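Please consider the sequence and the model shown below. The paragraphs that follow treat the ligand site, a sheet and a helix in turn.

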Amino acid sequence: MNTTHAVDLIGVTKHYAHGVTALDDVTIGFGAGTFTAVMGPSGSGKSTLLQCAAGLDRPSAGRVVVDGRDLAALGDRKLTLLRRDRIGFVFQSFNLLPSLTAEQNVGLPLRLAGRRPDRELVRQSLAAVGLAERAGHRPAEMSGGQQQRVSIARALVTRPAVLFADEPTGALDANTSRDVLRLLRTLVDRQAQTIVMVTHDAVAASYADRVVFLADGRVFGELHEPTAELVATRMLQLEASC
Ligand SMILES: Nc1ncnc2c1ncn2[C@@H]1O[C@H](COP(=O)(O)OP(=O)(O)OP(=O)(O)O)[C@@H](O)[C@H]1O
(Lines give C-alpha, C1' and ligand atoms only; values in the text may rest on other atoms or scores of the structure.)
Protein backbone atom coordinates (compact mmCIF):
# COMPACT_ATOMS: atom_id res chain seq x y z
CA MET A 1 0.00 0.00 0.00
CA ASN A 2 1.26 3.45 -0.90
CA THR A 3 0.01 6.58 0.86
CA THR A 4 0.24 8.61 -2.35
CA HIS A 5 -2.27 6.23 -3.88
CA ALA A 6 -5.95 7.18 -3.74
CA VAL A 7 -6.83 3.51 -4.28
CA ASP A 8 -4.95 0.25 -3.76
CA LEU A 9 -6.04 -3.26 -4.66
CA ILE A 10 -3.89 -5.88 -2.97
CA GLY A 11 -4.18 -9.49 -4.15
CA VAL A 12 -7.83 -9.01 -5.13
CA THR A 13 -9.64 -12.10 -6.37
CA LYS A 14 -13.31 -12.20 -7.29
CA HIS A 15 -15.18 -15.44 -7.91
CA TYR A 16 -18.74 -15.52 -9.19
CA ALA A 17 -21.12 -18.46 -9.28
CA HIS A 18 -20.52 -21.35 -11.73
CA GLY A 19 -16.75 -21.26 -11.24
CA VAL A 20 -16.16 -17.87 -12.90
CA THR A 21 -13.02 -16.10 -11.67
CA ALA A 22 -13.48 -12.49 -12.80
CA LEU A 23 -10.37 -11.18 -11.01
CA ASP A 24 -7.38 -13.34 -10.21
CA ASP A 25 -4.96 -11.97 -7.59
CA VAL A 26 -4.85 -8.40 -8.88
CA THR A 27 -2.47 -5.97 -7.16
CA ILE A 28 -2.53 -2.42 -8.46
CA GLY A 29 -2.44 1.14 -7.15
CA PHE A 30 -3.95 4.32 -8.55
CA GLY A 31 -1.91 7.40 -7.73
CA ALA A 32 -3.65 10.44 -6.25
CA GLY A 33 -4.22 13.09 -8.90
CA THR A 34 -3.63 10.72 -11.82
CA PHE A 35 -5.84 9.53 -14.68
CA THR A 36 -5.76 5.77 -15.40
CA ALA A 37 -7.59 3.92 -18.16
CA VAL A 38 -8.37 0.21 -17.73
CA MET A 39 -8.63 -1.79 -20.93
CA GLY A 40 -8.94 -5.42 -21.93
CA PRO A 41 -10.98 -7.81 -24.02
CA SER A 42 -14.66 -8.38 -23.22
CA GLY A 43 -15.01 -10.42 -20.03
CA SER A 44 -11.47 -9.66 -18.84
CA GLY A 45 -12.73 -8.27 -15.52
CA LYS A 46 -12.67 -4.50 -16.07
CA SER A 47 -16.10 -3.72 -14.63
CA THR A 48 -15.54 -6.16 -11.77
CA LEU A 49 -12.29 -4.36 -10.93
CA LEU A 50 -14.11 -1.03 -10.84
CA GLN A 51 -17.00 -2.43 -8.77
CA CYS A 52 -14.62 -3.93 -6.20
CA ALA A 53 -12.44 -0.80 -6.10
CA ALA A 54 -15.53 1.37 -5.55
CA GLY A 55 -16.91 -0.83 -2.78
CA LEU A 56 -19.98 -1.73 -4.86
CA ASP A 57 -18.96 -5.38 -4.68
CA ARG A 58 -16.85 -7.23 -2.11
CA PRO A 59 -13.82 -9.25 -3.30
CA SER A 60 -13.66 -12.98 -2.54
CA ALA A 61 -10.07 -12.47 -1.35
CA GLY A 62 -7.58 -9.62 -1.04
CA ARG A 63 -7.90 -6.05 0.16
CA VAL A 64 -9.11 -2.75 -1.25
CA VAL A 65 -7.91 0.50 0.33
CA VAL A 66 -9.60 3.77 -0.69
CA ASP A 67 -8.46 7.11 0.69
CA GLY A 68 -6.50 5.25 3.38
CA ARG A 69 -9.48 3.11 4.51
CA ASP A 70 -9.48 -0.67 4.22
CA LEU A 71 -12.94 -1.46 2.83
CA ALA A 72 -12.98 -4.98 4.34
CA ALA A 73 -12.74 -3.45 7.81
CA LEU A 74 -15.88 -1.39 7.26
CA GLY A 75 -19.36 -2.65 8.05
CA ASP A 76 -22.12 -2.06 5.51
CA ARG A 77 -23.15 1.29 6.98
CA LYS A 78 -19.62 2.72 7.11
CA LEU A 79 -18.95 1.40 3.61
CA THR A 80 -22.10 3.16 2.36
CA LEU A 81 -20.95 6.41 3.95
CA LEU A 82 -17.45 6.10 2.48
CA ARG A 83 -18.94 5.41 -0.96
CA ARG A 84 -21.27 8.36 -0.63
CA ASP A 85 -18.67 10.86 0.57
CA ARG A 86 -15.34 9.78 -0.91
CA ILE A 87 -16.14 7.87 -4.11
CA GLY A 88 -17.72 9.17 -7.32
CA PHE A 89 -19.04 6.91 -10.07
CA VAL A 90 -20.22 7.64 -13.60
CA PHE A 91 -21.62 5.10 -16.02
CA GLN A 92 -22.28 4.88 -19.73
CA SER A 93 -25.93 5.73 -19.03
CA PHE A 94 -26.23 9.11 -17.37
CA ASN A 95 -28.80 8.03 -14.75
CA LEU A 96 -30.17 11.54 -14.24
CA LEU A 97 -33.64 12.02 -12.80
CA PRO A 98 -35.71 13.40 -15.69
CA SER A 99 -38.00 15.56 -13.58
CA LEU A 100 -35.12 17.39 -11.88
CA THR A 101 -33.07 20.29 -13.25
CA ALA A 102 -29.30 20.00 -13.70
CA GLU A 103 -28.83 21.87 -10.44
CA GLN A 104 -31.21 19.58 -8.56
CA ASN A 105 -29.61 16.45 -10.04
CA VAL A 106 -26.15 17.64 -8.99
CA GLY A 107 -27.40 18.45 -5.48
CA LEU A 108 -28.96 15.01 -5.06
CA PRO A 109 -25.99 13.27 -3.35
CA LEU A 110 -25.96 16.05 -0.75
CA ARG A 111 -29.72 15.68 -0.21
CA LEU A 112 -29.32 11.90 0.13
CA ALA A 113 -26.68 12.59 2.78
CA GLY A 114 -29.31 14.59 4.69
CA ARG A 115 -27.63 17.89 3.88
CA ARG A 116 -29.30 20.89 2.36
CA PRO A 117 -27.53 21.24 -1.00
CA ASP A 118 -25.11 24.15 -0.79
CA ARG A 119 -26.03 26.22 -3.86
CA GLU A 120 -22.54 27.60 -4.22
CA LEU A 121 -21.02 24.11 -4.15
CA VAL A 122 -23.54 22.84 -6.71
CA ARG A 123 -22.87 25.84 -8.95
CA GLN A 124 -19.11 25.31 -8.66
CA SER A 125 -19.57 21.68 -9.71
CA LEU A 126 -21.67 22.71 -12.71
CA ALA A 127 -19.16 25.44 -13.61
CA ALA A 128 -16.29 22.90 -13.42
CA VAL A 129 -17.99 20.86 -16.15
CA GLY A 130 -18.78 23.96 -18.23
CA LEU A 131 -22.52 24.01 -17.55
CA ALA A 132 -22.95 27.02 -15.29
CA GLU A 133 -25.50 28.41 -17.76
CA ARG A 134 -27.60 25.22 -17.80
CA ALA A 135 -28.41 24.96 -14.09
CA GLY A 136 -32.17 25.25 -14.71
CA HIS A 137 -32.36 22.80 -17.62
CA ARG A 138 -33.87 19.33 -17.35
CA PRO A 139 -32.12 16.30 -18.91
CA ALA A 140 -34.50 16.23 -21.90
CA GLU A 141 -33.42 19.78 -22.71
CA MET A 142 -29.74 18.82 -22.92
CA SER A 143 -27.56 16.87 -25.37
CA GLY A 144 -26.07 13.50 -24.42
CA GLY A 145 -22.67 15.08 -23.78
CA GLN A 146 -24.21 17.75 -21.57
CA GLN A 147 -26.15 15.11 -19.63
CA GLN A 148 -22.95 13.15 -19.07
CA ARG A 149 -21.27 16.31 -17.85
CA VAL A 150 -24.12 16.83 -15.36
CA SER A 151 -23.60 13.27 -14.12
CA ILE A 152 -19.86 14.02 -13.72
CA ALA A 153 -20.70 17.20 -11.78
CA ARG A 154 -23.03 15.14 -9.58
CA ALA A 155 -20.27 12.57 -8.95
CA LEU A 156 -17.85 15.35 -7.99
CA VAL A 157 -20.10 17.45 -5.75
CA THR A 158 -18.94 15.62 -2.62
CA ARG A 159 -15.28 16.21 -3.66
CA PRO A 160 -14.51 12.46 -3.79
CA ALA A 161 -11.00 11.05 -3.42
CA VAL A 162 -11.54 9.12 -6.65
CA LEU A 163 -13.89 9.23 -9.63
CA PHE A 164 -14.57 5.86 -11.25
CA ALA A 165 -15.97 5.95 -14.78
CA ASP A 166 -17.26 2.82 -16.53
CA GLU A 167 -17.38 3.51 -20.29
CA PRO A 168 -18.37 7.16 -19.75
CA THR A 169 -18.26 7.91 -23.49
CA GLY A 170 -19.84 4.63 -24.62
CA ALA A 171 -23.15 6.28 -25.53
CA LEU A 172 -21.67 9.41 -27.13
CA ASP A 173 -20.60 10.28 -30.67
CA ALA A 174 -16.92 10.96 -31.42
CA ASN A 175 -17.05 14.76 -31.05
CA THR A 176 -19.08 14.70 -27.85
CA SER A 177 -16.83 11.97 -26.45
CA ARG A 178 -13.82 14.17 -27.07
CA ASP A 179 -15.41 17.02 -25.07
CA VAL A 180 -16.13 14.70 -22.13
CA LEU A 181 -12.60 13.23 -22.25
CA ARG A 182 -11.07 16.71 -22.37
CA LEU A 183 -13.18 17.58 -19.33
CA LEU A 184 -11.89 14.52 -17.43
CA ARG A 185 -8.30 15.46 -18.38
CA THR A 186 -8.86 19.04 -17.17
CA LEU A 187 -10.25 17.82 -13.84
CA VAL A 188 -7.02 15.86 -13.31
CA ASP A 189 -4.72 18.66 -14.47
CA ARG A 190 -6.43 21.57 -12.70
CA GLN A 191 -8.00 19.98 -9.61
CA ALA A 192 -5.73 16.95 -9.13
CA GLN A 193 -8.81 14.72 -9.32
CA THR A 194 -7.98 11.00 -9.32
CA ILE A 195 -9.81 9.22 -12.15
CA VAL A 196 -10.00 5.53 -13.06
CA MET A 197 -11.86 4.89 -16.32
CA VAL A 198 -12.81 1.64 -18.03
CA THR A 199 -12.97 1.99 -21.80
CA HIS A 200 -12.91 -0.07 -25.00
CA ASP A 201 -11.74 2.92 -27.00
CA ALA A 202 -8.00 3.44 -27.65
CA VAL A 203 -8.57 7.15 -28.34
CA ALA A 204 -10.36 7.57 -25.01
CA ALA A 205 -7.53 5.72 -23.24
CA SER A 206 -4.97 8.08 -24.79
CA TYR A 207 -6.34 10.92 -22.61
CA ALA A 208 -5.11 9.05 -19.51
CA ASP A 209 -1.64 9.20 -17.93
CA ARG A 210 -1.47 5.44 -17.85
CA VAL A 211 -3.30 2.48 -19.35
CA VAL A 212 -3.58 -0.80 -17.43
CA PHE A 213 -4.38 -3.89 -19.50
CA LEU A 214 -6.41 -6.79 -18.16
CA ALA A 215 -6.87 -10.26 -19.63
CA ASP A 216 -8.58 -13.22 -17.96
CA GLY A 217 -8.87 -11.31 -14.69
CA ARG A 218 -5.15 -10.56 -14.47
CA VAL A 219 -3.04 -7.48 -15.13
CA PHE A 220 -1.15 -7.88 -18.40
CA GLY A 221 1.13 -4.86 -18.39
CA GLU A 222 0.64 -1.15 -18.71
CA LEU A 223 1.53 1.86 -20.85
CA HIS A 224 2.52 5.31 -19.65
CA GLU A 225 1.81 8.50 -21.62
CA PRO A 226 -0.14 6.38 -24.09
CA THR A 227 -0.94 7.28 -27.67
CA ALA A 228 -4.05 5.88 -29.34
CA GLU A 229 -1.84 3.95 -31.81
CA LEU A 230 0.23 2.29 -29.08
CA VAL A 231 -2.90 1.38 -27.11
CA ALA A 232 -4.59 -0.09 -30.20
CA THR A 233 -1.50 -2.17 -31.01
CA ARG A 234 -1.31 -3.53 -27.45
CA MET A 235 -5.02 -4.40 -27.53
CA LEU A 236 -4.60 -6.31 -30.80
CA GLN A 237 -1.68 -8.26 -29.30
CA LEU A 238 -3.72 -9.00 -26.19
CA GLU A 239 -6.77 -10.17 -28.13
CA ALA A 240 -4.61 -12.36 -30.39
CA SER A 241 -3.01 -14.06 -27.38
CA CYS A 242 -6.34 -14.72 -25.58
N1 LIG B 1 -22.74 -10.96 -11.44
C2 LIG B 1 -22.05 -11.88 -12.11
N3 LIG B 1 -22.30 -13.21 -11.97
C4 LIG B 1 -21.59 -14.14 -12.62
N5 LIG B 1 -20.57 -13.85 -13.48
C6 LIG B 1 -20.28 -12.55 -13.66
C7 LIG B 1 -21.00 -11.51 -13.00
N8 LIG B 1 -20.47 -10.31 -13.39
C9 LIG B 1 -19.47 -10.60 -14.26
N10 LIG B 1 -19.36 -11.93 -14.42
C11 LIG B 1 -18.35 -12.63 -15.25
O12 LIG B 1 -17.08 -12.21 -14.82
C13 LIG B 1 -16.21 -12.04 -15.93
C14 LIG B 1 -15.70 -10.60 -15.97
O15 LIG B 1 -16.81 -9.74 -16.23
P16 LIG B 1 -16.65 -8.16 -16.33
O17 LIG B 1 -18.02 -7.60 -16.58
O18 LIG B 1 -15.90 -7.65 -15.17
O19 LIG B 1 -15.75 -8.02 -17.64
P20 LIG B 1 -15.46 -6.74 -18.55
O21 LIG B 1 -14.03 -6.80 -18.91
O22 LIG B 1 -15.98 -5.52 -17.89
O23 LIG B 1 -16.36 -7.11 -19.83
P24 LIG B 1 -17.04 -6.15 -20.94
O25 LIG B 1 -15.92 -5.44 -21.62
O26 LIG B 1 -17.72 -7.13 -21.85
O27 LIG B 1 -17.99 -5.23 -20.23
C28 LIG B 1 -17.01 -12.45 -17.15
O29 LIG B 1 -16.73 -13.81 -17.43
C30 LIG B 1 -18.44 -12.28 -16.71
O31 LIG B 1 -19.30 -13.13 -17.42
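How do the residues of the shell around the ligand divide into nonpolar, polar and charged? The shell comprises 4 nonpolar, 7 polar and 1 charged, where Ala, Val, Leu, Ile, Met, Phe, Trp, Tyr, Cys and Pro count as nonpolar, Asp, Glu, Lys and Arg as charged, and the others, Gly among them, as polar. The model is predicted: local features need pLDDT of at least 70 and side-chain atom pairs count only at pLDDT 80 or more, whereas totals for chains, interfaces and linings use all residues. Residues are numbered from 1 along each chain as its sequence is written.

Among the residues around the ligand are Y16, V20, G45, K46 and T48; a residue belongs here if its C-beta atom, placed from the backbone, lies within 6 Å of the molecule. The largest share of this shell, 3 residues, comes from α1. Both β2 (20-31) and α1 (46-53) supply at least two residues. Helices (H or I, at least four residues) and strands (E, at least two) are DSSP runs, numbered from the N terminus.

Strand β2 also belongs to an open sheet of 4 strands, in the order β2-β1-β4-β5 with antiparallel pairing; strands pair if DSSP finds at least two bridges between them. β2 and β5 (69-70) stand at the edges with a single partner strand each, so one side of each lacks a neighbour in the sheet. Between β4 (residues 61-66) and β5 there are 2 bridges, and V66 stands opposite R69 in β5.

Helix α5 (residues 144-156) is largely enclosed by the rest of the structure, because 12 of its 13 residues are buried, that is, have 20 or more other C-beta atoms, placed from the backbone, within 10 Å of their own.
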